[in-house]
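Dear colleague,

I am passing the structure below on to you, and my notes on what was found in it follow directly after. Please read them with the coordinates open beside you.

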Amino acid sequence: MSTPLQLPDETHDPRLRSWVESANRPGVDHPIQNLPFGRFRAAGAGDDQAWRLGVAIGDQILDLGATGLVERADMNALMALPADARRALRRRLSAGLSAGSAEQAAWSRALLPQAQAEMALPCRIGDYTDFYTSVHHATNVGRLFRPDAPLLPNYKWLPIGYHGRASSIGLGGGPLRRPSGQLKAPDAAAPVLGQSRRLDYEAELGWFVGPGNALGEPIGIESAEAHLFGVALFNDWSARDLQGWEYQPLGPFLSKNFASSLSPWVVTLEALTPFRRPFERAPEDPQPLPYLDSPQQRAQGAFAITLEVLLQTERMRAEGRPAQRLSLTDSQRAAYWTPAQMVAHHTVNGCNLQPGDLLGSGTLSGPGPDEAGSLLELSVGGQRPLQLPGGERRSFLEDGDRLTLRGWCEREGAVRIGLGEVSATVVG
Ligand code: CA
């Protein structure tokens, strides 16, 4: 069965307005056309209070449990719903939150201001896989290590990935502790144990798996999108000095698994419909093997999501300086492979995905020098430190640095939707 083209419907109508007034303000992250899902409870309610499922609308959260539209407060169960049921839920939420809805009286009692809420990770993440979908990132990083042959021969044939660790994925907002590990300078005879001095971020998107597949049953490219639930911002913190010493021959290990940070609201695939783009492959490049190719993917398999990275040092905060933008990237320009191709490739050997699994896009670097999604690239391996307002320089993150990742989608004829932000402050 092939996936029909996903076309905007009444839930994307730019004229649609909500009875939640804050959702109608221009430029908000959570207009009625977005409707992202998350887990919340009242701030200060205490650890004995269960997490609830919510939908962000304007500066409020609608408690899904109070609407009667879901049976239990289990995001993984919601993610497991077939795509049709998820779309039906979106239509009900959109209608109920629309101006003039009969639900207004009842649902207005199920709102909590986001400022009074505490958020949890959106779901239980059973497994986490990180891909490497930006050909520009792969080339930039490859050039630092292999100037003559930056891109390895497999790159344009398959979505490269590795299995990461789910237990250390958290929400940002708090401190990010600088990790320790083995460090070995190129000219040193032996490594030493110490704190990383080359701490970096990676600006990524985290795609959440919806319905899973049985072990041994690959997901075909035509139905791959039906197995994706939505997307959040993802910062894959990386210790470049640990990585440089440990990564051969099996790849990154302790340089990556000390922490990764997700934004709390999952924007659904449905909300992204107006921001789909064709999946394109240059004629001189290898064309995808048939299991990674489909007319639907060619027509609209890519997503245009803008990612912004901001840095504010401790001194900038003390001097009242705003955060400095480090990069601005469009995910469609950055990614060589689509989310559906990641799913089809991940399962082609029969590997089973489960609801709530996380698929990292890999660092999303665009082709331009200001579009790189990591300091490793922006500072060319530390050789060209960035100049910051106030005279500071950065090759990698220093203690007190606050790193923020923001994301949104906008285009003519559609209402802008936001993925929110995820940030953390480095501590020694
Ligand atoms: Ca990564």
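Please keep in mind throughout that the model is predicted. T3 has a relative accessible area of 17% and therefore counts as buried, since the cut-off is under 20%. Leaving aside residues up to four places away in sequence, T3 touches E222, S223 and Q296. Between T3 and Q182, by contrast, the C-alpha to C-alpha distance is 48 Å, for a sequence separation of 179 residues.

The segment before β1 also holds L35, whose phi is near 60°, a positive value in a residue other than glycine. L35 is buried, because its relative accessible area is 2%. A second residue of this kind is V380, which is not a glycine and yet has a positive phi of about 50°. V380 is placed in the loop between α11 and β23 (386–387), and with a relative accessible area of 21% it is partly exposed. For the backbone there is also the peptide bond from Q248 to P249, which is cis with omega near 5°; P249 belongs to the loop between α6 (240–246) and β16 (260–262).

Turning to the metal site, the calcium ion is coordinated by D130 (OD), E202 (OE), E204 (OE) and D236 (OD), at 2.2 to 2.3 Å. Along the chain, the donors of the calcium ion follow the spacing D-x71-E-x1-E-x31-D. Distant parts of the chain are linked by the pair of D130, in strand β6 (residues 128–131), and E204, in strand β13 (residues 203–209), which are 74 residues apart. D130 counts as buried because its relative accessibility is 3%, and E204 likewise counts as buried, at 0%.

Among the helices, two were looked at for burial. In helix α10 (residues 339–347), nine of the nine residues are buried, so this helix is largely enclosed by the rest of the structure; the buried residues of α10 include M342, V343, H345 and H346. In helix α5 (residues 135–145), the buried residues are V135, H137, A138, T139, V141 and G142, and the buried residues of α5 pack against α9 (331–334) and α11 (375–378).

As for the chain as a whole, the protein chain contains 11 helices and 26 strands. The radius of gyration of the protein chain is 21 Å, which agrees with the value near 22 Å that a compact globule of 428 residues would have, and the C-alpha trace spans about 70 × 55 × 40 Å along its principal axes. Of the 428 residues, 54% are buried, and among the contacts with a separation of 6 or more, 73% come from residues 24 or more positions apart. The protein chain exposes about 18400 Å², of which carbon and sulfur atoms supply 52%. Finally, the chain carries 41 positive and 47 negative charges, and the mean positions of the two sets are 2 Å apart.

With best regards

Notes:
Residues numbered from 1 in each chain as written. Predicted model: local features only at pLDDT ≥ 70, side-chain atom pairs only at ≥ 80, totals over all residues. Heavy atoms only, no water. Helix = DSSP H or I, 4+ residues; strand = E, 2+ residues; numbered from the N terminus. Rg over C-alpha atoms; globule rule 2.2 N^0.38 Å. Buried < 20%, exposed > 50% of the residue type's maximum accessible area, 1.4 Å probe, protein only. Contact = heavy atoms within 4.5 Å. Areas by Shrake-Rupley, 256 points an atom, 1.4 Å probe, with all protein chains shown as cover. Lys, Arg positive; Asp, Glu negative; His and termini not counted. Charge placed at Lys NZ, Arg CZ, Asp CG, Glu CD. Donors = N, O, S within 2.8 Å, 3.2 Å for Na, K, Ca; no water.
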